[in-house]
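Please take a moment to look at the sequence and the structure shown here before reading on. The paragraphs that follow lead you through them residue by residue.

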Amino acid sequence: MKTSSAQHSDSSCTFCSGKGYFQLLLGGSETCSNCQGTGKVR
Ligand SMILES: [Zn+2]
């Protein structure tokens, strides 16, 4: 049984929501330093 909401994902980076980068307000993006751009944490 799977739900669409993934609130408790232990392998995805919570800093960037597993995207690997941040969307900057001024435009562009910056690589997440928490997961090194991978979107996952160990
Ligand atoms: Zn990250």
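This is a predicted model: local features need pLDDT of at least 70, side-chain atom pairs count only at pLDDT 80 or more; totals for chains, interfaces and linings use all residues.

Residues are numbered from 1 along each chain as its sequence is written.

G20 is found in the segment before β1, a strand that covers 21-23. The protein has zero helices and two strands, where helices (H or I, at least four residues) and strands (E, at least two) are DSSP runs numbered from the N terminus. G20 and E30 are ten residues apart in sequence, and their C-alpha atoms are 8.8 Å apart in space.

Is G20 buried, exposed or partly exposed? G20 is partly exposed, because 19 other C-beta atoms lie within 10 Å; a residue is buried if 20 or more other C-beta atoms lie within 10 Å of its own, exposed if 12 or fewer, and partly exposed in between, with C-beta atoms placed from the backbone. Of the 42 residues in the protein, buried residues make up 7%.

S11 also belongs to the segment before β1, and S11 is exposed because 10 other C-beta atoms lie within 10 Å. Although S11 and G39 are 28 residues apart in sequence, they are 8.6 Å apart in space, C-alpha to C-alpha. Leaving out residues up to four places away in sequence, S11 touches K40 and V41. For the protein, residues 24 or more positions apart account for 18% of the contacts with a separation of 6 or more.

The backbone angle phi is the next topic. Most residues other than glycine have a negative phi, and most peptide bonds are trans. S17, however, has a positive phi of about 60 degrees although it is not a glycine. S17 is found in the segment before β1, and S17 is partly exposed because 13 other C-beta atoms lie within 10 Å.

Q36 likewise has a positive phi, near 60 degrees, in a residue other than glycine. Q36 is placed in the segment after β2, a strand that covers 29-31. Q36 counts as exposed because it has 12 C-beta neighbours inside 10 Å.

Definitions and conventions
Two residues are in contact if their C-beta atoms, placed from the backbone, lie within 7 Å.
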